[in-house]
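Visitor: I have a model open and would like to go through it with you. Can you put it up?

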Amino acid sequence: MLPKLEGYAAARLGSLDAAALAMVVGELASLEQTVLGRADLRAVLTDTSIAAASRGLIVHDVLAGKVHDVTLQVAVYAASNASAPDVPHALGELALAARDLANNGTFPLGGLGLMASRQRVSGFADALLDGVDAQNFDEIEDELFRWARTVEGNLDLRRLLLDRDAELESRVDTVQALLGDKVDTVTLALARFVIEGGRARDVVGTLDYLVDYVAKARDWRVARVYTARPLDEQSRSDLVASLSLLTGKNVELQIADSPELLGGVLVEIGDLRLDATTRARLGALRDAVSPSHLYESSLNRND
C-alpha cells in the first residue's frame with residue numbers, strides 16, 4: 001500500500017468501533033467492485049490528465065451522503081494521493097487492510113525504508129491534523145520539537161526507543177508514560193505512531209520531519225484572502241467550502257481589505273495563489289494590447 005495511505009488508513013480505521021468498522025469493510029469492498037465493474041468510472045479515476053485533487057473530488061461526489069464518513073475519507077484520500085493508474089489498486093488494498101483489521105484486531109504495518117516510513121507517519125498526521133484548529137498547530141509543532149530534543153539529549157531514553165530488538169509495546173508504553181497528559185492528544189498520538197509506524201533507528205529524524213510537516217500543513221489550513229470589498233457571510237461560507245474541497249482540508253480564512261485590487265479576491269493558501277481580481281484582469285488586458293505584443297502578433301500573422 002502507498003505509505004501515506006497506509007498511515008492515513010491506520011488512523012481513520014483504527015478509530016472505529018467494531019460495528020462501524022464492519023460497515024466500512026463492507027462499503028470499501030463494494031466500492032472496489034464498483035470501480036472494477038464500471039469501465040466509465042475506472043477510466044475517469046485512472047485518467048492521468050485529471051489532477052489528483054480532482055480525482056478526490058470525483059470520489060467525494062460519488063460517495064457523499066451514501067457511505068460512512070470514514071469510508072468517504074479514506075476513499076477520497078486514496079484517489080487524491082495514489083497515482084492515477086494505481087487508484088483502483090489502492091482502493092482494493094484499503095478494503096483488504098480494513099478486513100484484516102476487523103478480523104485480527106490490529107492494522108498491518110510492515111517494515112519500510114527510511115523515506116517511506118516517514119511518509120507513512122505523515123499520512124497518519126494528515127488524518128489527525130484534519131480535526132485540529134489552525135491556532136493549535138503551533139503548540140503541536142512546539143511539543144513535537146521539544147520531544148525530539150528530549151529523546152536526542154537523553155542517552156538511556158534514546159537507547160530504548162531506538163532499540164529494534166526491544167518489544168514494541170514497551171517502547172510505546174514509555175512514550176505514553178513520559179508524555180501522558182503533558183501534551184496535546186494529537187502530539188501524543190503522533191509521538192506514539194512514530195514508534196509504531198516509523199523506523200526504530202530514525203525516531204529523532206522522524207520527529208523532526210513531523211515538525212516541518214506540521215508547519216507546512218498549517219500553511220494549507222489558513223487561506224489569506226485579500227478582497228477589494230468586505231465579504232458577506234454567504235460569500236465567506238462559499239469560499240471556505242470551495243477551498244476545503246480543493247485542498248481536502250478544513251480551511252480557515254484570514255481576510256484583509258485591499259481596495260487597491262479594485263474588485264474580486266486574491267487567495268493565497270500553501271503554495272497556491274488564486275488571483276480573481278479586477279486589477280489582475282486589467283493587467284492581463286494591458287499586456288495583451290501593449291505595442292510590443294501587437295508588433296509580435298503582426299509579425300506572426302505575416303509569417
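Visitor: Which residues are linked in a network of salt bridges?

Guide: Arg-149, Glu-152 and Asp-208 are linked in such a network. A salt bridge here is a side-chain nitrogen of Lys or Arg within 4 Å of a carboxyl oxygen of Asp or Glu. Before going on: this is a predicted model, where local features need pLDDT of at least 70, side-chain atom pairs count only at pLDDT 80 or more, and totals for chains, interfaces and linings use all residues. Residues are numbered from 1 along each chain as its sequence is written, and side-chain values use heavy atoms, with hydrogens and water left out.

Visitor: How many salt bridges does that rule give?

Guide: The count comes to nine.

Visitor: What does Asp-126 form a salt bridge with?

Guide: Lys-4, with the closest N and O atoms 3.4 Å apart. The pair links distant parts of the chain, since Asp-126 is in helix α7 (residues 114-129) and Lys-4 is in helix α1 (residues 3-14), 122 residues apart. Helices (H or I, at least four residues) and strands (E, at least two) are DSSP runs, numbered from the N terminus.

Visitor: Buried or exposed, that Asp-126?

Guide: Asp-126 counts as buried, at 11% relative accessibility. Lys-4 is partly exposed, with a relative accessible area of 22%. Buried means under 20% relative accessible area, exposed over 50%, and partly exposed in between, with a 1.4 Å probe and protein chains only.

Visitor: And which residue does Glu-6 form a salt bridge with?

Guide: Glu-6 pairs with Arg-120, the closest N and O atoms being 3.0 Å apart. This pair also links distant parts of the chain, with Glu-6 in α1 and Arg-120 in α7, 114 residues apart. Glu-6 is buried at 10% relative accessible area, and Arg-120 is buried at 2%.

Visitor: Helix packing next. At what angle do α1 and α6 pack?

Guide: About 40°, with the axes of α1 and helix α6 (residues 87-104) 11 Å apart. Axes are lines fitted to C-alpha atoms, for helices over the stretch in contact, and angles run from 0 to 180 degrees between N-to-C directions. The two helices are therefore oblique to each other. Angles under 35 degrees count as roughly parallel, over 145 as roughly antiparallel, 65 to 115 as roughly perpendicular, and the rest as oblique.

Visitor: Which residues meet there?

Guide: Leu-5, Ala-9, Leu-13 and Gly-14 in α1 meet Ala-90, Leu-94, Ala-98 and Leu-101 in α6. Contact means heavy atoms within 4.5 Å. By class, the contact of α1 with α6 has seven nonpolar, one polar and no charged residues. Ala, Val, Leu, Ile, Met, Phe, Trp, Tyr, Cys and Pro count as nonpolar, Asp, Glu, Lys and Arg as charged, and the others, Gly among them, as polar.

Visitor: Back to α7. How does it run relative to α11, roughly parallel or roughly antiparallel?

Guide: The axes of α7 and helix α11 (residues 185-197) come within 10 Å and cross at roughly 155°. The pair is therefore roughly antiparallel.
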